[in-house]
Amino acid sequence: MQNIKEEEVNRCQIQEWYPIFKSVSIKTLIHQLPESFIQYLLDDSGPFLLPVSVLNEDALPNRIHNPTDEEDFQVSEESEDEAEESSPPPSFPELELQVKESVKLLGGAVFPKLNWSSPKDSAWISTSGSLRCTTFSEIALLFRSSDSLVHDLCHAYDSCNDKSSSRPHNFFLALRKWYPSLKPEMEFRCFVRNQKLVGISQREVTTFYPILLEKKNGLLLQIQGFFNNHVRTKFESENYVFDVYITNDERVKIVDFNTWGGFTLSLLFTWEELEHIHSEGDDSVEFRIVEDYCGVRPGLKTAVPHDYLDTSQGSGWDQFLRNAADEELRQQSTEAGA
C-alpha cells in the first residue's frame, strides 16, 4: 500500500473538490463552521445537550408531561452557588439562521456532512431514521451523536506519512440536497491508480440487486466515459477513489472523493488486488457487483443498528435472512432436479 500525503487527503475535502465538479455533482451549499461549534462537538465532559434553537425548531418532539411518570423521580435542589456555576446551554444563532436559509434554497430537506464524512452511524437516532434533516437542531443531533465524525475532527491525517497536524485549520458544513427517491444499488465506488480507472465496485454490498446483473455492461461503459470526460484531467491526485450515482435518466453524478487506501473501504476488492490490476499491461476495468445472495458483505455496514439505517418496507436483517433462505431453497431444488 502506498504512502498517503496530507495534500492528497486535503483534496478529498468537499469544500475543495465540489467547486471543481459542481456541474456533475449533487447540489450542495457549504458553510464554514465556527470553532465554538467544533468544540461543542468534541466536548464530552458534561451531559448530552443539544443547542438551544433561536427559531424554536427542536430536533426531537417535546416530551408529553405526565405526572404519574414522575412519582418516583426527584430532582435534588441545587444551591445558589451551584446554579450560578452551571454553564448556559449551547447556542449558535448565526449558524442556525444560515442553515435555515440554505435548507430552504435546497428544497426543504438536506443531508449533512463535514469536510470528509457524514454522520451515517447516527442515522438511527433521528426521528426519520435517516440522514434527512430540515433544521439545524436535527443536524446538531446527528453530528453530536456520531462517532464517525471523530475521524474528521481528530484523525483525518493519521494515515499520512508526512502528518504535521491532527486536524485541518477549518471545518465546513456541507448541506446536500435530499433526494428521497435515490436507489442505493445505483451508487458505485471507482478506483483510480496512476490516473487510470482500474476497478469499480457496487457501493451497497450488503444487498443483492438482480437488476445490476442485467445492466452491468452498460453501467461500466457509462462510468468509464464519465471518468474520461469529467474526472481524469481535473482531479490532481494520481491515486484516489471516487463515488458516483447514476440517475434514472442515466446521468452520472459525483458523490464523493476519497484517498487510495488509508481509511477508505475497498468493498468487493482487496487493496492488494487493486494494486496489481494493470500490472501486466491490461487496461481493462474490473467491475464487481454482488452476484447472488451468498455474496453479500453484511460486515461492511457501519456499526449501527441495521434496522434503523433503512426503515423502508422490507428492509432489515429479517428480510435479508428471508432472501437468503429462499435462495438456499431454490439452489436445493435446482440440484435435486439436476
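Reader: Are R203 and D243 buried or exposed?
Author: This is a predicted model. Buried means under 20% relative accessible area. By that cut-off, R203 and D243 are both buried.

Reader: Which residue forms a salt bridge with D243 at 2.8 Å?
Author: The closest N and O atoms of that pair are 2.8 Å apart, and the partner of D243 is R189. R189 lies in strand β4 and D243 in strand β6, so the pair ties together parts that are 54 residues apart in sequence. Both residues are buried. D243 is also the bridge partner, in β6, of the residue asked for: R189.

Reader: Over how many bridges do β4 and β6 pair?
Author: Strand β4 covers residues 187-193. Its pairing with β6 is antiparallel. The count is 6 bridges.

Reader: How many residues of strand β6 are buried?
Author: In a regular strand the side chains alternate between the two faces of the sheet. On one side of β6, Y240, F242, V244 and I246 are buried. On the other, V241, D243 and Y245 are buried too, so β6 is largely enclosed by the rest of the structure. The number is 7 of the 7.

Reader: In β7, which residue is the bridge partner of V244?
Author: β6 and strand β7 (residues 252-259) run antiparallel, joined by 7 bridges. V244 takes part in this pairing. Its partner in β7 is I254.

Reader: Which residue takes a positive phi in the hairpin of β6 and β7?
Author: The hairpin has 5 residues between the strands. One of its residues has a phi near 65 degrees. That residue is E250.

Reader: Is L267, with its positive phi, buried or exposed?
Author: L267 is not a glycine, yet its phi is about 55 degrees. It is placed in the loop between β7 and α9 (271-276). Its relative accessibility is 5%, so L267 counts as buried.

Reader: What is the relative accessible area of Q195?
Author: Q195 also has a positive phi, near 60 degrees, in a residue other than glycine. Its loop runs between β4 and β5 (196-202). Q195 is partly exposed, at 35%.

Reader: How many salt bridges are there in the whole structure?
Author: One of them joins the side chains of K163 and D158, at 2.8 Å from N to O. K163 is partly exposed at 41%, and D158 is partly exposed at 36%. E7, R11 and E236 are linked in a network of salt bridges. A search of the whole structure gives 13.

Reader: Which residues of helix α2 are buried?
Author: Helix α2 spans residues 14-21. Its buried residues are covered by elements including α1, β1, β2, β3, α8 and β7. The buried ones are I14, Q15, W17, Y18 and F21.

Reader: Which helix gives the largest share of the lining of the second largest pocket?
Author: This pocket holds about 260 Å³ of space. Its 13 lining residues divide into 6 nonpolar, 5 polar and 2 charged. Y40, D43, L49, P88 and P90 lie nearest its centre. The largest share, 3 residues, comes from helix α3.

How values were computed:
Residues are numbered from 1 along each chain as its sequence is written. This is a predicted model: local features need pLDDT of at least 70, side-chain atom pairs count only at pLDDT 80 or more; totals for chains, interfaces and linings use all residues. Side-chain values use heavy atoms; hydrogens and water are left out. On a 1 Å grid over the protein atoms alone, a cavity is a set of points where a 1.4 Å probe fits but cannot get out, and a pocket is an open set with protein on both sides within 12 Å along at least five of seven lines; lining residues have an atom within 4 Å of a point. Grid points are joined across faces, edges and corners, and a volume is the space filled by probe spheres set on the points. Helices (H or I, at least four residues) and strands (E, at least two) are DSSP runs, numbered from the N terminus. Ala, Val, Leu, Ile, Met, Phe, Trp, Tyr, Cys and Pro count as nonpolar, Asp, Glu, Lys and Arg as charged, and the others, Gly among them, as polar. Buried means under 20% relative accessible area, exposed over 50%, partly exposed in between (1.4 Å probe, protein chains only). Two strands pair if DSSP finds at least two bridges between them. Contact means heavy atoms within 4.5 Å. A salt bridge is a side-chain nitrogen of Lys or Arg within 4 Å of a carboxyl oxygen of Asp or Glu.
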